[in-house]
Amino acid sequence: MNKLLFFIICSFASYAQELRCEVIINSDLVNQTNQQIFSTLQQSIQEFMNSQVWTSQNWNSEEKINCSLILNLTDYSDDKFKGTLQVQSQRTVYDTNYSSPILNFQDLDISFNYQEFQPLFYNSNVYESNLISILSFYAYVIIGLDADTFKLKGGELFFSFAQKISNLAQQSNSSGWLSSGNRKNRYWLVDSILSNAFLDFRTTYYKYHRNGLDLMTKDQIKAKTNLATSLIHLSDLNNRRPNSFLIQIFFDAKSQEIVNIFSDGPKIDIISTKSILKNIAPFFNNKWKEIRS
């Protein structure tokens with residue numbers, strides 16, 4: 001093989017992009033006759049998320065993380081955008097075609113400036129713009145949570161990158177980056193994930209997936225038992241930090257999956273598990289009633 005061609009192929013394999021991100025922009029609430037700006041913005045964000053190399057690790061095509069960003073705009077004028085952002089990601093379960101939801105988070109503090117055809121470039125050492133900071137922040141949160149499902153605290157480095165972005169973005173005084181005000185914003189999201197006080201949240205992500213879902217094709221009884229046991233860590237967290245922001249994040253992504261898992265296939269004793277679910281996630285009690293034990 002030509003040495004130059006071999007180098008190019010190897011370089012591509014070593015620095016392949018990590019995300020397979022779909023971007024949707026909903027501008028129904030914005031009074032704007034020219035919709036081209038929204039189409040251009042959507043394409044720019046999608047290219048940014050999918051073309052950027054976020055890590056130094058090797059990623060094969062089948063290892064890419066499927067995710068989506070749904071931007072619901074509420075206001076647009078003079079290159080200024082406001083709205084909410086739904087961030088979702090999935091992770092393929094071992095030896096299956098099933099994609100397990102990992103993140104389903106709504107950010108209510110989205111505001112940024114963007115001029116049509118404005119290039120988007122990420123620089124890890126400086127604050128470029130609120131749009132770039134928001135996108136880069138969630139790219140690392142998505143990658144971090146995915147890594148946590150394969151190894152305990154496997155996403156530590158990526159969460160630290162997200163926190164650095166958050167710290168740099170505070171100079172903008174834009175909503176979402178500050179410790180004051182909304183306690184469910186980007187600042188508190190990454191600060192909580194990295195805090196040892198909330199390690200049970202990350203332990204649950206790891207044990208739920210590696211000791212639970214990833215065993216489903218080999219031993220469903222053991223997998224379900226391990227999955228149920230993993231939820232005890234969230235119970236411990238809830239005892240120390242009732243109504244934790246991170247507990248809600250977990251169940252916003254996992255509630256329907258939990259119902260499906262414990263309702264289908266071979267049964268295990270889940271009386272105590274249902275009690276735990278009702279105690280730590282009462283906002284999903286209607287779903288827990290759907291579990292057919």
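Predicted model: local features only at pLDDT ≥ 70, side-chain atom pairs only at ≥ 80, totals over all residues.
The largest pocket has a volume of about 520 Å³. Its lining comprises 22 residues, and those nearest the pocket centre are Trp59, Glu63, Arg91, Asp146 and Phe150. Strand 2 (65-77), strand 3 (80-92) and helix 3 (130-148) are the elements that each give two or more residues to this lining. By class, the lining of the largest pocket divides into eight charged, seven polar and seven nonpolar residues.

Helix 3, which contributes to the pocket lining, also packs with helix 5 (residues 186-194), the two axes coming within 12 Å and crossing at roughly 25°. Because angles under 35 degrees count as roughly parallel, helix 3 is roughly parallel to helix 5. The crossing of this pair is left-handed. On the side of helix 3 the contact is made by Ile134, Phe137, Tyr138 and Val141, and on the side of helix 5 by Arg186, Leu189 and Val190.

Helix 6 (residues 199-212) packs with helix 7 at an angle of about 175°, and their axes are 8 Å apart. Helix 6 and helix 7 are therefore roughly antiparallel to each other. From helix 6, the residues in the contact are Asp200, Phe201, Thr203, Thr204, Lys207, Tyr208, Asn211 and Gly212; these meet Ala223, Asn226, Leu227, Ser230, Leu231, His233, Leu234, Asp236, Leu237 and Arg240 of helix 7. The contact of helix 6 with helix 7 has seven nonpolar, seven polar and four charged residues.

Helix 7 (residues 220-240) also packs with helix 9 (residues 271-280), here at an angle of about 35° and with the axes 10 Å apart. The crossing of helix 7 and helix 9 is left-handed. Helix 7 supplies Ala228, Leu231, Ile232, Leu234, Ser235 and Asn238 to the contact, while helix 9 supplies Thr273, Ile276, Leu277, Asn279 and Ile280. Seven nonpolar and four polar residues make up the contact of helix 7 with helix 9, and no charged residues take part. Leu231 and Leu234 of helix 7 are listed in the contact with helix 6 and also in the contact with helix 9.

Definitions and conventions
Residues numbered from 1 in each chain as written. Heavy atoms only, no water. 1 Å grid on protein atoms, 1.4 Å probe; cavity = no way out; pocket = protein on both sides within 12 Å on 5 of 7 lines; lining within 4 Å. Points joined across faces, edges and corners; volume = space filled by probe spheres on them. Helix = DSSP H or I, 4+ residues; strand = E, 2+ residues; numbered from the N terminus. Nonpolar A, V, L, I, M, F, W, Y, C, P; charged D, E, K, R; others polar. Axes fitted to C-alpha atoms, helices over the stretch in contact; angles between N-to-C directions. Parallel < 35°, antiparallel > 145°, perpendicular 65-115°, else oblique. Left-handed = near helix turned anticlockwise from the far one by under 90°. Contact = heavy atoms within 4.5 Å.
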